[in-house]
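Student: I would like to learn how to read the features of a structure such as this one, step by step. Could we begin with how it is divided up?

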Amino acid sequence: MRAVTIRESGGPDVLEWSEVPEPAVAGDEVLIEVAAAGVNRADVQQRKGFYPPPPGAPEYPGLECSGTVAAVGVDVTGWSVGDRVCALLPGGGYAERVAVDARSVLPVPDGVSLVDAAGLPEVACTVWSNVGMVARLSAGEVLLVHGGGSGIGTFAVQFARAIGAVPYATARAAKHDTLRELGVEAAFDYTATDFVDEIMSATDGHGADVILDHMGAGYLPRNVQALARNGRLAVIGFQG
Ligand SMILES: NC(=O)c1ccc[n+]([C@@H]2O[C@H](COP(=O)([O-])OP(=O)(O)OC[C@H]3O[C@@H](n4cnc5c(N)ncnc54)[C@H](OP(=O)(O)O)[C@@H]3O)[C@@H](O)[C@H]2O)c1
């Protein structure tokens, strides 16, 4: 089969469409016939030579993909050949086929194309693990998302609305219309206004029950001022 491989560290021109070995499928894995792969900053970092794949992962990039199940390991239950899926990967998604731990595979919802689904796992798992599992955002609570127009931010806004929470976001003004379409109660232009004042005013002094911040450490003291009593701050490490 073929995969997008990295000839040497560098710009996009170092990517090549190469023959690579067919992946072996372990007992706890499924083999996915890849339809599409997401492009993440980490893939770009890998191409530049700053993000070595973890031990055991293919040398070529690809941290998420979508496709159809082509084979199922002997110990796997719950997946069948032909299922439409997307998956979070340690690498190797830029290929015609990839073998992945069955626990990292998600069904593609009806009405979602395989191309769109390829961009779901990274943001979905990151937002769910931080905002859902750790910060425990629940229905009726206020979420403030910094960088609302980002990949992480746009997913977090939709996730909050889907569970009945009330999302607000910081973003440049040019992104506010889109953010309103995605479900924010209001968006704050961080280049022109103070988000602490804005969230306090918008929530009648309550503040944010949960803040999701992927902006590095710069907002830390201001975030604390913007939190409601018993509020939770989820910080995603910044990767330069
Ligand atoms: N994407 C993923 O799946 C993923 C997974 C794990 C971790 N992460 C981490 O999460 C972070 C975000 O990744 P991403 O891919 O979602 O980012 P992205 O799509 O590249 O967007 C970055 C955003 O930051 C906003 N921004 C910049 N300065 C800001 C400020 N001072 N205040 C508020 N917003 C500001 C920009 O919005 P404006 O245009 O409005 O300035 C832009 O929308 C990174 O640290 C990444 O390593 C991402």
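Tutor: Domain bounds come from an automatic or database domain assignment. For this protein chain the assignment gives domain 1 (2-114) and domain 2 (123-235), and the centres of domain 1 and domain 2, taken over C-alpha atoms, are separated by 31 Å. This is a predicted model, in which local features need pLDDT of at least 70, side-chain atom pairs count only at pLDDT 80 or more, and totals for chains, interfaces and linings use all residues. Residues are numbered from 1 along each chain as its sequence is written, and side-chain values use heavy atoms, with hydrogens and water left out.

Student: Is Ser-66 buried or exposed, and in which strand does Ser-66 lie?

Tutor: Helices (H or I, at least four residues) and strands (E, at least two) are DSSP runs, numbered from the N terminus, while buried means under 20% relative accessible area, exposed over 50%, and partly exposed in between (1.4 Å probe, protein chains only). Ser-66 lies in strand E4 (residues 64-72) and counts as buried because its relative accessibility is 0%. A polar atom of the Ser-66 side chain lies 2.6 Å from the backbone oxygen of Leu-114. With contact taken as heavy atoms within 4.5 Å, and leaving aside neighbours within four places in sequence, Ser-66 is in contact with residues including Glu-33, Val-85, Leu-114 and Val-115.

Student: What does Cys-65 touch?

Tutor: Cys-65 is also placed in strand E4, and at 0% relative accessibility Cys-65 counts as buried. Not counting residues up to four places away in sequence, Cys-65 touches Ile-32, Cys-86, Leu-89 and Pro-121, among them other residues. Cys-65 and Arg-97, which are 32 residues apart in sequence, are 9.9 Å apart in space, C-alpha to C-alpha.

Student: How many aromatic pairs are found in the whole structure?

Tutor: Rings of Phe, Tyr and Trp (its six-membered ring) pair if their centres lie within 6.5 Å, and planes under 30 degrees apart count as stacked, over 60 as edge-to-face and the rest as tilted. A search of the whole structure finds 3 aromatic pairs. One of them is the stacked pair of Tyr-168 and Phe-188, at 5.9 Å centre to centre with 15° between the planes. This pair links distant parts of the chain, 20 residues apart, with Tyr-168 in strand E9 (residues 166-170) and Phe-188 in strand E10 (residues 186-188). Tyr-168 is buried at 6% relative accessibility, and Phe-188 is buried at 4%. Phe-195 and Tyr-219 form an edge-to-face pair, 5.0 Å centre to centre with 70° between the planes. Phe-195 lies in helix H6 (residues 195-202) and Tyr-219 in the loop between strand E11 (208-213) and helix H7 (220-226), so this pair ties together parts that are 24 residues apart in sequence. Phe-195 is buried at 6% relative accessibility, whereas Tyr-219 is partly exposed at 21%.

Student: Which helix gives the most to the lining of the largest pocket?

Tutor: On a 1 Å grid over the protein atoms alone, a pocket is an open set of points where a 1.4 Å probe fits, with protein on both sides within 12 Å along at least five of seven lines, and lining residues have an atom within 4 Å of a point. The largest pocket is lined by 31 residues, of which Arg-41, Ser-150, Gly-151, Ile-152 and His-214 lie nearest its centre. Helix H3 gives the most to this lining, with 3 residues.

Note on methods. A polar contact is a pair of N or O atoms within 3.5 Å; within protein, one must be able to donate a hydrogen and the other to accept it, and residues adjacent in sequence count only if both atoms are side-chain atoms.
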